[in-house]
Amino acid sequence: MIRKRAPRELQIVGLIGSLAFAFPGLYLIWRNFTTGADPLGLLLAGNTLEPLWRTIRLAFLVSLSAAILGTALAWCTTRTDLPFARLWRVILPIPLVFPTFIGAAAFIRTLNPGGLANDAFKSLGLNETPELRGLVGAWLVLTLFCYPYVYLPVAARLRQLPGSLEQSALILGDNPLQTFRRVVLRQIATSISAGTLLVFLYTISDFGAVQLMRYDTLTRAIESNYLARPPMAFALSLILLILAGAVVLVERSMTRRLPEVNTHRTSLPMLYRLGKWKHLASLFVAATFALAVAAPSAALLDWAADGLIRDQRGGNSLTINVDKVVEAATNTVSSSALAAVFALLAVTPIAFLVGRYRDRTGRIAHSVVIATFALPGILIALSLRFWTLKSGFFGDLLYDSMALLIFAYVVRFGSLAMGTALVAVRSVPGALHDAAATLGANKWKQLRTVDLPVMRPGLLAAAGLVLLSTMKELPISLIISPLGFPTLTTRIFGSFEDAFVAEAGIMAVTLVCVSALLSWFLVLRRADHL
Amino acid sequence: MTVIAASCGGSDQLEIDGLAAEINPAECVEGQGEEVTIYSGRTENLIEPVLEAFACATGISVQVRWGSSTQLALLIDEEGSRSPADVFLSRSPGPVGFLESKGLLGTIDQSVLDLVGEDSRSDQGSWIGFSGRKRVLVHNVDLVPEAELPSSVFDLTDEKWRGKVAIPGTNGSFVDWFTVFRDQYGTDVATQWLNDMVANDARYYPNNRSIVDATGRGEIEMGLVNHYYNYQEVAASGDSHRALNHDLDDSDIGSLLIITAATVLESADNSSEANQLLAYLLSESVQSYFTNRTFEYPLAAGVEANDTLPPLKALEIGSVDFDALGGGFEETARIIEASGIQNQ
């Protein structure tokens with residue numbers, strides 16, 4: 001492929017994009033270095049090494065297991081004759097939508113000693129389920145909630161690969177395992193790597209799951225320090241940002257060594273017959289579903305049911321009604337859908353800069369976008385409030401507006417679309433462009449007729465990641481949302497905090513159902529394209 | 001944020017129903033264009049009907065941002081004098097202390113302050129309590145016989161309770177409680193107690209709710225929490241929830257009453273409406289509503305607590321120097337961090 005200089009317009013768009021995404025990082029730096037605080041002194045004086053080490057260890061373990069689980073699930077559901085594959089494709093992304101503060105609590109309530117699973121297993125002679133906590137508990141629950149970061153982009157990529165290469169390998173005598181390692185894995189490596197990076201960054205920024213599993217990481221220390229010692233909280237957050245930057249750089253240098261495979265589907269993807277493995281594969285997918293979706297949902301349904309039958313027992317009536325659930329659900333869907341669309345619009349130009357033109361502005365923008373994912377949402381919310389206050393008239397205009405909320409969501413979750421969009425851009429073969437240009441297509445026509453059709457599955461997966469993640473977003477929804485804009489997650493949070501568990505359960509079950517519907521819609525749309 | 005408008009465009013009369021109508025059964029008053037903006041750390045499930053009733057009764061339109069008390073306090077700090085908030089409602093004293101230390105709290109009208117006892121308000125008039133939560137020892141009824149239950153938090157360092165007590169070490173209300181503990185008994189005694197608890201294998205849980213849940217399941221024998229979570233669990237699940245509250249001695253620090261506080265911000269544009277709202281929160285109908293809905297203790301003079309609640313003779317947080325909480329916070333956080341409870 002001939003390297004061309006990036007068009008000036010694209011560079012400007014990329015530059016603006018990276019500036020927008022840099023707001024939270026700049027705010028953090030401003031907070032650390034302008035108020036007379038001494039972040040280095042604070043960090044050296046405090047006990048930061050241990051939580052930092054725990055954070056890194058957890059993030060590595062979760063990344064590893066989520067990468068394997070996500071890839072295996074993607075392969076089983078897209079490339080084999082697994083029974084009910086389409087149904088699984090609808091269900092498997094759902095864990096992405098559990099806000100961890102209630103998802104992990106529900107998981108514990110089902111699986112820990114005395115929980116719902118315990119009651120169910122008693123009749124089978126199993127008396128005590130083990131207590132999930134600490135490193136093992138946090139690792140398990142985060143792996144189960146994070147594998148979709150890998151599953152979605154890898155599944156999209158797998159459905160796009162031509163079967164011809166694999167067929168050739170098989171004809172030339174490779175067994176299916178060798179074919180997977182030598183042919184398939186090399187083609188999906190960049191997708192796995194991009195997804196795993198997100199898992200790593202999410203894990204270091206998570207607070208809900210680690211606190212409920214009682215595994216003391218940096219985010220717990222940050223959370224405890226916000227009011228007591230704000231400079232310490234900001235200094236600790238700076239470590240997260242530096243860690244994120246380092247990981248992004250490492251990932252980039254690793255993927256640079258990977259072979260670049262510009263393949264797209266010229267023949268149908270290979271479909272493998274599972275044969276005698278069919279039951280084992282079904283068991284594997286079903287077990288993942290049971291732990292990642294059914295277990296937390298069971299506790300949520302239990303809470304919700306308590307509320308629905310409480311009237312008959314003469315307890316307090318519910319404080320919500322159907323209208324409130326519908327209002328929150330509508331707000332959730334509309335804001336998440338907008339966030340997904342705008343996130344795609346924001347990161348695709350950057351993906352083009354990096355993927356097609358190897359432009360330096362693009363590479364910087366790419367790193368900034370992705371590293372921002374490691375920052376706790378509350379910092380992004382506060383930073384946007386800070387910048388709108390500092391920017392006078394323009395800020396007043398934006399305050400309390402839907403636009404600012406969507407902007408904040410895009411800054412928070414644009415990273416999710418970034419890696420997948422980049423893989424999508426790279427999967428467009430240069431030869432197709434040359435052919436199109438020879439046939440007289442201009443840039444826009446090439447984009448419409450060549451790029452977008454090839455990139456479509458990747459872009460849809462990227463949008464899906466942003467959509468489902470935005471649906472569960474909490475701090476930005478609380479702090480930045482405009483007047484009269486409750487979302488399902490804000491209602492779940494408020495209810496849960498003040499022990500209105502029935503209301504929290506009902507809203508959370510609604511969240512899961514709505515996300516299943518949206519995921520079904522996304523999967524169907526992709527299937528239509530087959 | 002939610003807007004509860006008293007009147008939309010002049011002729012439309014606000015109508016309320018459900019819980020709000022129970023709080024204010026009277027006809028709604030027409031608005032004169034007054035408004036008030038609230039940042040509420042208490043959930044809308046609880047507060048929204050009250051605000052609707054308030055809008056109806058006074059004609060003042062209400063705007064609310066719901067959130068976590070800590071995050072809203074951080075937001076107010078970030079917004080400073082430009083904060084749109086007039087009133088801040090906090091789930092616990094900590095965030096109020098934080099805002100006070102930043103000089104962001106205004107002074108509440110004396111007539112409003114007088115609605116509660118001196119113990120439940122700030123000497124400087126910067127905050128006022130509107131409901132109370134008592135610290136208790138929640139325990140699993142199948143694992144701990146009632147006769148053996150201790151009468152003081154100091155008993156919990158006994159070998160007998162090794163590995164059996166849950167502590168929400170980093171949770172806001174525990175941090176507040178520990179700060180008062182230091183204030184009452186001196187930092188040395190309080191720190192020693194916490195270190196002894198850690199040495200006695202006290203188990204760390206992140207918050208009250210997770211302890212009540214774990215105690216109900218029998219994962220842990222007992223835990224130090226605010227009283228009302230268990231009432232809510234029992235109200236939701238009945239007898240299948242296997243945990244009950246145990247009150248420690250009335251004079252014990254483990255029986256402290258911790259208040260949820262209302263404040264008017266220094267930067268408030270609508271401080272008259274804000275004071276009216278605070279007075280409304282302390283009106284008899286609203287105080288009764290709180291105690292019957294969430295099983296919290298009412299603080300306004302003359303209002304009876306829900307009849308399932310044990311009579312309140314406990315220490316009240318206001319009887320100690322609550323205003324020192326803000327400043328004492330940093331040191332408390334350091335002591336708790338150093339005790340290592342979060343890794344138990």
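This is a predicted model: local features need pLDDT of at least 70, side-chain atom pairs count only at pLDDT 80 or more; totals for chains, interfaces and linings use all residues.
A second pair of strands in chain B can be read beside the first. Strand β4(B) is joined to β5(B) by six bridges, and these two strands run parallel. Within this pairing, Tyr39(B) has Arg65(B) of β5(B) opposite it. Strand β4(B) covers residues 35-40, and because five of its six residues are buried, the strand is largely enclosed by the rest of the structure.

Gly97(B) is placed in helix α4 of that chain, and it counts as buried because 28 C-beta neighbours lie inside 10 Å. Although Gly97(B) and Asp176(B) are 79 residues apart along the chain, their C-alpha atoms are separated by 9.7 Å. Ser285(B), by contrast, belongs to helix α11 of chain B and counts as partly exposed, since it has 16 C-beta neighbours inside 10 Å. Between the C-alpha atoms of Ser285(B) and Asp188(B), which are 97 residues apart along the chain, the separation is 44 Å.

Phe295(B), found in the loop between α11 (284-294) and α12 of chain B, has a phi near 60 degrees, which is a positive value in a residue other than glycine. Phe295(B) is also buried, because 23 other C-beta atoms lie within 10 Å. In chain A, Arg214(A) likewise is not a glycine and yet has a positive phi, of about 55 degrees. Arg214(A) sits in the loop between α11 (208-212) and α12 (218-228) of chain A, and with 21 C-beta neighbours inside 10 Å it counts as buried.

Next come the helices of chain A. Two packed helices are described by the angle between their axes and by the distance between those axes. Helix α3(A), residues 49-79, and helix α8(A), residues 148-158, have axes that come within 8 Å and cross at roughly 35 degrees, and the crossing is right-handed. Among the residues that make this contact are Ala66(A), Gly70(A) and Trp75(A) of α3(A), together with Tyr149(A), Val154(A) and Leu158(A) of α8(A). By class, the contact of α3(A) with α8(A) has 12 nonpolar, four polar and one charged residues.

Another packed pair in chain A is formed by α16(A), residues 360-371, and α19(A), residues 402-426, whose axes are 7 Å apart and meet at an angle of about 130 degrees. With that angle, the two helices α16(A) and α19(A) are therefore oblique to each other, and α16(A) passes α19(A) in a left-handed crossing. On one side of the contact are His366(A), Val369(A) and Ile370(A) of α16(A), and on the other are Gly414(A), Ser415(A), Met418(A) and Gly419(A) of α19(A). The residues of this contact divide into three nonpolar, four polar and no charged.

Finally, we can look at where the two chains meet. In all, 46 residues of chain B are in contact with 49 residues of chain A. Several elements of chain B give two or more residues to this side, including β1, α2, β5 and α3. Of these, α3(B) gives the most, with seven residues. The side of chain B that touches chain A divides into 18 nonpolar, 17 polar and 11 charged residues.

One helix pair shows this meeting of chains in detail. The axes of α17(A), residues 377-390, and α3(B) come within 10 Å and cross at roughly 20 degrees, and α17(A) and α3(B) are therefore roughly parallel to each other. Helix α17(A) passes α3(B) in a right-handed crossing. The contact involves Ile378(A), Leu382(A), Arg385(A), Phe386(A) and Leu389(A) of α17(A), and Gln71(B), Leu74(B), Leu75(B), Glu78(B) and Glu79(B) of α3(B). By class, these residues are six nonpolar, one polar and three charged.

Notes:
Residues are numbered from 1 along each chain as its sequence is written. Chains are lettered from A and ligands numbered from 1 in the order in which they are written. Two residues are in contact if their C-beta atoms, placed from the backbone, lie within 7 Å. Helices (H or I, at least four residues) and strands (E, at least two) are DSSP runs, numbered from the N terminus. Ala, Val, Leu, Ile, Met, Phe, Trp, Tyr, Cys and Pro count as nonpolar, Asp, Glu, Lys and Arg as charged, and the others, Gly among them, as polar. Axes are lines fitted to C-alpha atoms, for helices over the stretch in contact, and angles run from 0 to 180 degrees between N-to-C directions. Angles under 35 degrees count as roughly parallel, over 145 as roughly antiparallel, 65 to 115 as roughly perpendicular and the rest as oblique. A crossing is left-handed if the near helix is turned anticlockwise from the far one by less than a right angle, and right-handed if clockwise. A residue is buried if 20 or more other C-beta atoms lie within 10 Å of its own, exposed if 12 or fewer, and partly exposed in between; C-beta atoms are placed from the backbone. Two strands pair if DSSP finds at least two bridges between them.
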